[in-house]
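Have a go at each task before you read on.

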Number of protein chains: 2
Amino acid sequence: MNVSLDAGKLSGGRLYQRVAEQLASVISEGEYPPGSRLPAERKLAERFEVSRPTIREAIIALELAGVVEVRGGSGVYICDGESDRLASTNLDVGPFDILEARILFEGEAASLAAQKITDEEMAEVRQALDDMVTENEGEPICEKADEHFHMLIARATKNDAIVSVCSHLWALRNSSPVSARILEKVRQAGSKPRIEEHHAILEALEARDAKAARAAMREHLTRVIQQLLDATEAEAVEEARRAIMHNRQRFNLINP
Amino acid sequence: MNVSLDAGKLSGGRLYQRVAEQLASVISEGEYPPGSRLPAERKLAERFEVSRPTIREAIIALELAGVVEVRGGSGVYICDGESDRLASTNLDVGPFDILEARILFEGEAASLAAQKITDEEMAEVRQALDDMVTENEGEPICEKADEHFHMLIARATKNDAIVSVCSHLWALRNSSPVSARILEKVRQAGSKPRIEEHHAILEALEARDAKAARAAMREHLTRVIQQLLDATEAEAVEEARRAIMHNRQRFNLINP
DNA sequence: ACAGCTAATTGGTCAGACCGCAATAACATT
DNA sequence: AATGTTATTGCGGTCTGACCAATTAGCTGT
């Protein structure tokens with residue numbers, strides 16, 4: 001069982017977060033099996049050498065994460081059977097994994113979108129692409145337009161689950177520390193707007209060509225991966241190199 | 001903008017949750033635009049007629065939900081640019097949307113898994129399938145084994161983003177009220193264990209046949225959709241019927 | 001043996017206080 | 001006058017101690 005919160009920021013400043021992590025640790029180590037009751041808040045406060053409000057905040061964090069259940073007047077109980085959900089919620093996912101998943105998923109999403117997109121939505125997508133070009137002065141604006149572009153395509157599928165998954169993937173990208181670091185590197189290296197690739201996607205959508213849309217989307221994201229590989233190869237960070245070797249092979253697998 | 005927490009439980013007993021909802025409401029109504037600062041905790045406590053610890057707990061809930069950011073010594077700020085994430089987090093996604101997304105995504109995931117799965121992981125998958133058969137007495141156990149089966153395949157891709165997305169989709173399914181209702185209907189109608197279909201997936205994985213794995217997974221999920229369609233057609237609920245018509249067409253689109 | 005009641009335990013909330021940090025305004029320096 | 005430094009002010013972060021409400025278990029009386 002892997003019960004950890006906010007894997008990114010370890011001991012992230014806030015006391016209640018550290019306590020929540022410690023608490024999650026002792027839970028995952030089996031000290032309190034699923035279904036059992038946690039000690040009283042006062043006892044926990046004494047044990048972790050913090051005050052009761054802090055313990056309460058930590059418990060609330062665990063509660064919102066679905067690790068424990070608070071029964072008023074009775075106690076705090078460990079939830080059972082959600083190890084899968086937990087293991088994935090807090091994962092610090094690397095940028096290569098995210099892009100590979102996007103190739104698979106957004107490729108299919110684009111294919112579906114090409115069949116269902118309306119003229120109004122086409123106009124919105126075109127507008128997003130324009131924003132990406134014109135507002136290229138400030139990079140963050142460009143990135144925002146990029147995200148908007150992809151989310152519009154997801155929305156064009158008329159499938160809320162696909163929208164949810166796409167935004168989940170973008171959230172993973174935006175929240176991952178390691179992703180942020182590598183993306184910063186790419187930014188410094190002067191990232192091309194990749195307008196042409198986006199334009200190819202747009203044209204495929206405009207033609208309502210499902211296969212072409214999937215191909216264009218995969219081509220686009222594949223090039224982003226390539227760009228990332230180049231950027232990370234430039235620096236000699238050891239862990240990044242490991243990621244490269246690990247993912248280069250993966251990249252070759254799914255490319256053809 | 002749609003800023004609401006835990007769509008399931010409205011005003012769930014706890015005071016801090018109600019306060020968090022109220023706070024989220026005034027935020028979504030635009031009283032505090034993204035990037036701006038929230039009033040001081042003491043002021044908020046006065047306004048909502050609760051104490052400061054309660055306001056703090058509510059803010060922590062919003063913080064964990066990604067709605068606000070707490071900058072120590074400065075104040076609480078509304079996060080910007082996550083309207084997409086928020087809009088999707090709270091979406092009540094219908095079961096058809098989820099299954100369609102799973103066809104697209106888990107199909108690809110199975111294809112990738114077939115190329116990367118290890119013998120140990122194969123054994124785990126086989127074990128999960130056995131659990132699904134043997135523990136068929138209690139239905140929930142069977143469902144748990146089903147989820148485990150699919151998650152194991154996701155994990156076999158060695159891609160954390162794919163694992164995260166799959167568990168996200170299962171979480172959507174498990175948390176959606178409308179999904180729960182329809183799934184209950186299916187359960188009552190005496191759902192077949194679908195062991196044969198799972199077995200076909202297993203065999204494709206065993207053969208390391210990527211295409212066959214994708215096809216088997218799609219076939220399996222397509223049959224689940226068919227089962228859902230039959231079950232929902234049996235009842236005359238008006239909204240369900242609309243969903244049927246809406247998705248039947250979609251189903252036909254992606255099936256071939 | 002059982003029913004009802006009491007009391008201890010637990011979470012829920014509150015009030016007030018102190019601390020350290022951050023932003024800003026006032027000041028001193030150049 | 002422009003700039004760098006410092007003091008003030010407000011903020012969140014945390015702690016203490018207390019009281020309330022709900023649940024539970026134990027006791028008592030029948």
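**DNA strand C and a hairpin**

Of the atoms of DNA strand C within 4 Å of the protein, 67% are sugar or phosphate atoms, and the rest belong to bases. This is a predicted model, where local features need pLDDT of at least 70 and side-chain atom pairs pLDDT 80 or more, while totals for chains, interfaces and linings use all residues. Residues are numbered from 1 along each chain as its sequence is written, chains are lettered from A and ligands numbered from 1 in the order written, and side-chain values use heavy atoms, without hydrogens and water.

**Exercise 1.** Find which residues are closest to DNA strand C.

*Solution.* Start with the residues near the strand (a heavy atom within 4 Å of it). There are 23, and the closest are Arg52(A), Arg56(A), Arg14(B), Leu15(B) and Thr54(B). Next, look at the elements: α3(B) gives the most to this surface, with three residues.

**Exercise 2.** Work out which atoms of DNA strand C the side chains of Arg42(A), Arg52(B) and Thr54(B) approach.

*Solution.* Look for polar contacts (N or O atom pairs within 3.5 Å). Arg42(A) places a polar side-chain atom 3.2 Å from a base nitrogen. For Arg52(B), a side-chain N or O atom is also 3.2 Å from a base nitrogen. Thr54(B) instead has a polar side-chain atom 2.7 Å from a phosphate oxygen.

**Exercise 3.** Describe how β1(A) and β2(A) pair.

*Solution.* Residues 68–71 and 75–78 pair in the antiparallel sense over four bridges; pairing takes at least two DSSP bridges, and a strand is a DSSP run of E with at least two residues. Arg71(A) has Gly75(A) as its bridge partner. Three residues separate the strands of this hairpin, and Gly73(A) in the turn has a positive phi of about 75°.

Technical notes
Polar contact = N/O pair within 3.5 Å; in protein donor to acceptor, adjacent residues only side chain to side chain.
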